[in-house]
Amino acid sequence: MPIESGSSAAARQVKSKRKPHTISIRRTNSSEQERVSSQREMLEAQDSKLPTSIRQTLLELFGQIEREFENLYIENLELRREVETLNDRLTAEGQTVDGGDLSKGQLKAKASHSTSQLSQKLKTTYKASTSKIVSSFKTTTSRAVCQLVKEYIGHRDGIWDVSVTRLQPVVLGTASADHSAMLWSIETGKCLLKYTGHAGSVNSIKFHPSEQVALTASGDQTAHIWRYIVQLPTPQPVIDSNQMSGEEEVDFSDKDEADGEVECPSESPTVRAPTTTLKSHQGVVIAADWLVGGKQVVTASWDRTANLYDVETSELVHSLTGHDQELTHCCTHPTQRLVVTSSRDTTFRLWDFRDPSIHSVNVFQGHTDTVTSAVFTVGDNVVSGSDDRTVKVWDLKNMRSPIATIRADSAVNR
């Protein structure tokens with residue numbers, strides 16, 4: 001009880017100290033603006049070959065850097081005071097805990113532990129502040145522009161996954177919460193085929209590496225394998241918008257709005273039943289993928305397992321257990337019998353099936369929140385995304401630590 005009351009008192013003291021700290025930062029920023037203004041006037045008075053706009057931008061950036069490090073310095077001083085306060089309080093409390101005195105070694109260990117925690121807090125604060133500085137540079141120098149090229153309108157609910165066929169004809173596949181999957185012409189945006197065999201949300205879609213076969217995973221606790229035959233529409237001649245009359249432009253706009261109201265063109269064929277149904281899970285099947293060669297598939301489920309199936313017999317070959325919470329994604333290597341699964345337990349696992357007689361597993365704990373996805377790249381890397389707002393790149397040959405970390409402003413979706 002004395003320890004808890006002392007900690008609460010220390011917390012109140014820390015809060016009381018931070019109030020004037022906030023005010024001092026504001027005053028510092030205000031004086032900083034005046035100093036930047038005076039520096040700008042001095043800079044304009046000097047001779048330089050740089051354009052004025054670039055010189056002002058540089059001055060603002062260096063001003064931001066100076067303010068960030070000034071704030072870091074103030075926080076560093078504040079944390080040092082906290083270390084001293086906690087050390088003094090630990091020394092005082094050590095004489096009354098359980099009615100006995102703590103030895104100097106125990107007191108030193110406690111103080112060292114508190115100092116270590118505050119040191120880690122300092123490092124975290126430093127990294128966050130420096131990332132802000134880097135972001136400032138990026139936002140002022142980036143000139144990337146995104147432009148909408150084509151829309152594929154037809155689903156009546158959210159789209160969970162998008163995939164492209166690996167062979168001709170190349171078509172786009174979408175998986176939707178409206179219980180359907182659709183195949184589209186990439187060039188024209190026309191719906192070529194609709195699959196309606198699932199009784200729940202279609203969460204993922206993947207295409208066979210060498211055949212016109214699709215694999216879909218669903219909230220109905222199953223994965224379906226189904227065949228498709230599509231014929232791409234004849235490309236229409238490109239019309240120069242500058243040569244179109246005003247009346248034609250209005251008609252084209254109205255047609256787009258009308259198309260958005262239909263689910264899928266009536267002339268598009270519909271596949272209503274699968275050729276193979278894979279059902280061994282006790283929860284939502286969130287993802288599925290083909291192993292190299294297309295003779296086996298892997299599924300990931302909210303029942304905390306991943307299953308490996310034989311496509312020809314639809315039999316369960318392996319049940320991959322070990323994750324402590326729901327799986328969020330699974331992915332297979334393009335040329336090797338490797339599988340990676342991600343989970344809400346903050347880990348992702350690498351499963352090795354290259355030896356038919358035994359399969360090995362490696363667990364990676366590089367994230368601090370749900371791992372939303374982990375995928376293989378062509379260059380034998382694994383890229384993992386997480387709700388901890390980071391994307392990490394790993395080398396398959398040495399996965400003890402990531403070779404790169406990308407920090408985002410929000411959680412990373414799959």
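Residues are numbered from 1 along each chain as its sequence is written, and side-chain values use heavy atoms, with hydrogens and water left out. Because the model is predicted, local features need pLDDT of at least 70 and side-chain atom pairs count only at pLDDT 80 or more, whereas totals for chains, interfaces and linings use all residues.

The protein chain contains 4 helices and 21 strands, these elements being DSSP runs numbered from the N terminus (helices H or I, at least four residues; strands E, at least two). Of the 414 residues in the protein chain, 37% are buried; here buried means under 20% relative accessible area, exposed means over 50%, and partly exposed lies in between (1.4 Å probe, protein chains only). The accessible surface of the protein chain comes to about 24900 Å², with 51% of it belonging to carbon and sulfur atoms, as computed by the Shrake-Rupley method with a 1.4 Å probe, where for residues only the protein chains shown count as cover. Among contacts between residues at least 6 apart in sequence, 48% join residues at least 24 apart, a contact being defined by heavy atoms within 4.5 Å.

An open sheet of 4 strands has the order 5-6-7-9 with antiparallel pairing, where two strands pair if DSSP finds at least two bridges between them. Its edge strands, each pairing on one side only, are strand 5 (202–207) and strand 9 (276–278). Neighbouring strands of this sheet are turned by 20° against each other on average, direction ignored; the axes are lines fitted to C-alpha atoms (for helices over the stretch in contact), and angles run from 0 to 180 degrees between N-to-C directions. Strand 7 (residues 223–227) pairs with strand 9 in the antiparallel sense over 3 bridges, and Ile 225 stands opposite Thr 276 in strand 9.

Strand 5 also holds Lys 206, which counts as buried because its relative accessibility is 18%. The side chain of Lys 206 makes a polar contact of 3.2 Å with the side chain of Asp 161; a polar contact is a pair of N or O atoms within 3.5 Å, of which, within protein, one must be able to donate a hydrogen and the other to accept it, and residues adjacent in sequence count only if both atoms are side-chain atoms. Leaving aside neighbours within four places in sequence, the residues in contact with Lys 206 include Asp 161, Ser 163, Val 213, Asp 289 and Trp 290.

The largest nonpolar core has 15 residues, and those with the most contacts inside it are Leu 183, Leu 193, Ile 205, Trp 226, Tyr 228 and Val 230. Such a core is a set of buried Ala, Val, Leu, Ile, Met, Phe, Trp, Tyr and Cys residues joined through side-chain atoms within 4.5 Å. Strand 2 (171–176), strand 3 (181–185), strand 4 (191–195) and strand 5 each supply at least two residues of this core. Beyond its neighbours within four places in sequence, Leu 183 is in contact with residues including Leu 172, Leu 193, Ile 205, Phe 207, Trp 226, Tyr 228 and Val 230.

Gln 296 is placed in strand 11 (residues 296–301) and is buried, because its relative accessible area is 14%. Its side chain is joined to that of Arg 337 by a polar contact of 2.8 Å. Residues up to four places away in sequence not being counted, Gln 296 touches, among others, Asp 289, Trp 290, Tyr 309, Val 317 and Arg 337.

Towards the end of the strand numbering, strand 20 (residues 390–395) is mostly covered, with 5 of its 6 residues buried. Strand 20 pairs in the antiparallel sense with strand 19 (residues 381–386) over 5 bridges and with strand 21 (residues 404–407) over 4 bridges. Gly 385 stands opposite Val 391 in strand 20, while Val 393 stands opposite Ala 404 in strand 21. The hairpin of strand 19 and strand 20 has 3 residues between the strands, and Arg 389 in this hairpin takes a positive phi near 70°.

Further backbone features lie in loops. The peptide bond from Gln 168 to Pro 169 is cis, with omega near -5°, and Pro 169 lies in the loop between strand 1 (159–164) and strand 2. Arg 304, although not a glycine, has a positive phi of about 75°; Arg 304 is found in the loop between strand 11 and strand 12 (306–310) and is partly exposed at 42% relative accessibility.
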